[in-house]
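Have the structure open as you read.

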Amino acid sequence: MTRILEEVVYTPGMTFAELARTLDAPKSSVHGFIRGLLAAGWLYEDNHRFYLGPAVYGLTMAGGHIRAGSVTDADLADLHAAASVTVFLGVQAGDNLIYVAESGTDTLAGYAARTNIRRTMLQTAGGKALLAAMPETQRTSYLRRHQSSEPELVDRFLAEFDSIRRTGVARNTVRGGVRSAIATTVCDRAGEIVAEVTLVGPTDDITARDEELTATLLQHVKSWQQRSTARREVV
């Protein structure tokens, strides 16, 4: 099981056949271990390819062993108090965005996040913020992989790309226009992107306070990235 996880870490997107060949083990045994890892959230499968699952990221953050620039429960609570909308923290896992923490009281947004933990990057404001910040070759490869399955979302992202890169902020509307989101990336002190943070609320409220919420979001994230690198309790 540890070999399977290690191989997926080093080569995300491996197929079952590639894993079985690399491990030089009976396919029936490999299949059984993979099913168990999928059920427990250590792996997830997308288009017959395997990636690290949310359980791995959750343990990493809960254990306090992520890089400088990590986000605490108090950080999210402070941002929620300042913005008065729900706050989500997300990380990239393979081709997906996975929410790993939240602070707020928006029942609809919270339920959606907990019942659909894996979303393609193009479906979320946070995912689009992470995509826009990727190196060009990596971003182009992602968009090519999703052109056939999500052509409208790819086109929409490309239309928004220049604005996202210029401002560092991505936006999205979901639930038939009922909820809207504003997101940006979180970097460590070295400038390496480690996560994204998203504000989610009723569209009328988000739209009316867009400038205020954007400024609040960027101000809080900037303060997280500039503080001490000392280890602390992280989400």
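## Arg209 and its partners

Arg209 pairs with Glu212 in a salt bridge, with 2.9 Å between the closest N and O atoms. (A salt bridge here is a side-chain nitrogen of Lys or Arg within 4 Å of a carboxyl oxygen of Asp or Glu.) Asp205 joins in too: Asp205, Arg209 and Glu212 form a network of salt bridges.

Arg209 is buried at 18% relative accessible area, while Glu212 is partly exposed at 39%. Buried means under 20%, exposed over 50%, and partly exposed in between, using a 1.4 Å probe and protein chains only.

## How to read the model

This is a predicted model, where local features need pLDDT of at least 70, side-chain atom pairs count only at pLDDT 80 or more, and totals for chains, interfaces and linings use all residues. Residues are numbered from 1 along each chain as its sequence is written, and side-chain values use heavy atoms, leaving out hydrogens and water.

## Other salt bridges

The structure has 6 salt bridges. In one of them, Arg3 meets Glu7, the closest N and O atoms sitting 3.4 Å apart. Arg3 is partly exposed, at 37%, but Glu7 is buried, at 17%.

Glu45 also forms a salt bridge, with Arg35, at 3.3 Å between the closest N and O atoms. Both ends are partly exposed: Glu45 has a relative accessible area of 33%, and Arg35 has 37%.
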